[in-house]
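Hi,

Here is the model I promised to pass on.

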2 protein chains.
Amino acid sequence: MEIAIPLYDRFTALDAVGPYEVLWRLPGATVRWVGVQARPYATDRGLKLVAEATLDDVPAPDVIVVPGGTGTRDALGDERLVEWIRAADATSTWTTSVCTGALLLGAAGVLDGLRATTHWAYIDALSDYGAEPASERVVRQGKVITSAGVSSGIDMALTLAAEIAGDDIAQAIQLRIEYDPAPPFDSGSVAKAPERIRELARSPSPTPA
Amino acid sequence: MEIAIPLYDRFTALDAVGPYEVLWRLPGATVRWVGVQARPYATDRGLKLVAEATLDDVPAPDVIVVPGGTGTRDALGDERLVEWIRAADATSTWTTSVCTGALLLGAAGVLDGLRATTHWAYIDALSDYGAEPASERVVRQGKVITSAGVSSGIDMALTLAAEIAGDDIAQAIQLRIEYDPAPPFDSGSVAKAPERIRELARSPSPTPA
């Protein structure tokens, strides 16, 4: 089972690494990190992850995981990336996204007519691609799974792991990565965060991206 | 505020990227990715993250975040890394670890006499370093914060973010990364996972590392 994660400049590291940490543990899985070029790609804030293959090297993966990031807007204009997603989706078993990666799925035509989710700050943009925005953490529509902002990719990947390998394997992976979340606050969604926190999170500073 | 994350071969990606995704959003924060050499370091399963500076380039960071991984055992034998942790801890404001990164703190003498935690499969090893093993998700002892396996670094970093910048900033960061976890199962700790899942997670296959 070949799992492809396409990188682009200023993607968000956790969008990609959360699902990676779950999915590489699936029996028989190989994760391929790909990009328009095979080179290191910088995340939102400096850290670089290496795409070791080009998009052309991995034309027909079984699973696609498209991350979001502050660079999504520019990536939407890169027809090589969007066309790869379109073509890969045509033969994939699962097509998934994290955060604003959903907009890239949208640009590739994958979300037309489907319910879908993305980062809360970009949820309305999904309608530009014919999708029905759904403020949920993980939205499955047939073989297409979209998930909410940044950290939601872990939940999405565990859901996907269960679909691929069964509940027991997914649960064993959850235990392996000790995913028993205990955030010190309960402000992780717009529905739960107080208004002053929502305002602070919306302001460009001090918490960019 | 300089935050250093030391890499070594076969570290676990999420151990490092979880805290990064929280801490780079702190006002005035700069994250430095460091290694014995400045080069890409491979994670448990192929993905490479780039250390852009050497340990010597960043001798006195304000915050240290030491990740774990299947390579921790070898890293424990690398005196350059262990000595850097020891020296950096002498002047740090905060010294932290995720997963088996705690064993590296232990080898550097940081945990002597302290309560500490690590990945559940390695919790007993903490006593080798004079620490008192605590099966908790995040353990703070003065300026030293250790956290449990892999995904726990997100919770640890939000705790640390609140200490550094206050609860409101930490909560705004939580909302930015939409950390409103909703795992599809409740098997993320040894206390919660059924026995058959614990057995599966302990077996070297199908869920290595």
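Helix 1 (residues 13-23) of chain B packs against helix 5 (residues 152-165) of chain B at an angle of about 30°, with the axes 8 Å apart. Axes here are lines fitted to C-alpha atoms, for helices over the stretch in contact, and angles run from 0 to 180 degrees between N-to-C directions. Helix 1 and helix 5 of chain B are therefore roughly parallel to each other (angles under 35 degrees count as roughly parallel, over 145 as roughly antiparallel, 65 to 115 as roughly perpendicular and the rest as oblique). Their crossing is right-handed, meaning that the near helix is turned clockwise from the far one by less than a right angle. On helix 1 of chain B the contact uses D15(B), G18(B), P19(B), V22(B) and L23(B), and on helix 5 of chain B it uses G153(B), I154(B), M156(B), A157(B), L158(B) and A161(B). Contact means C-beta atoms, placed from the backbone, within 7 Å. By class, that contact divides into eight nonpolar, two polar and one charged residues (Ala, Val, Leu, Ile, Met, Phe, Trp, Tyr, Cys and Pro are nonpolar, Asp, Glu, Lys and Arg charged, and the others, Gly among them, polar).

Before you go further: this is a predicted model, where local features need pLDDT of at least 70 and side-chain atom pairs count only at pLDDT 80 or more, while totals for chains, interfaces and linings use all residues. Residues are numbered from 1 along each chain as its sequence is written, and chains are lettered from A and ligands numbered from 1 in the order in which they are written.

Now for chain A. Its secondary structure comes to seven helices and eleven strands, both being DSSP runs numbered from the N terminus (helices are H or I, at least four residues; strands are E, at least two). The C-alpha atoms of chain A fill a box of roughly 45 × 40 × 35 Å along the principal axes. With 209 residues, a compact globule would have a radius of gyration near 17 Å, and the 16 Å of chain A agrees (taken over C-alpha atoms; the rule is 2.2 Å times the number of residues to the power 0.38). In chain A, the axes of helix 1 and helix 5 come within 8 Å and cross at roughly 30°.

How do the two chains relate? The same surface serves both copies, as 100% of the contact residues of chain A recur in chain B.

On to the interface, which takes 63 residues from chain A and 63 residues from chain B. Helix 6 of chain A gives the largest share of the chain A side, ten residues. By class, that side has 36 nonpolar, 13 polar and 14 charged residues.

Cheers

Technical notes. Two residues are in contact if their C-beta atoms, placed from the backbone, lie within 7 Å.
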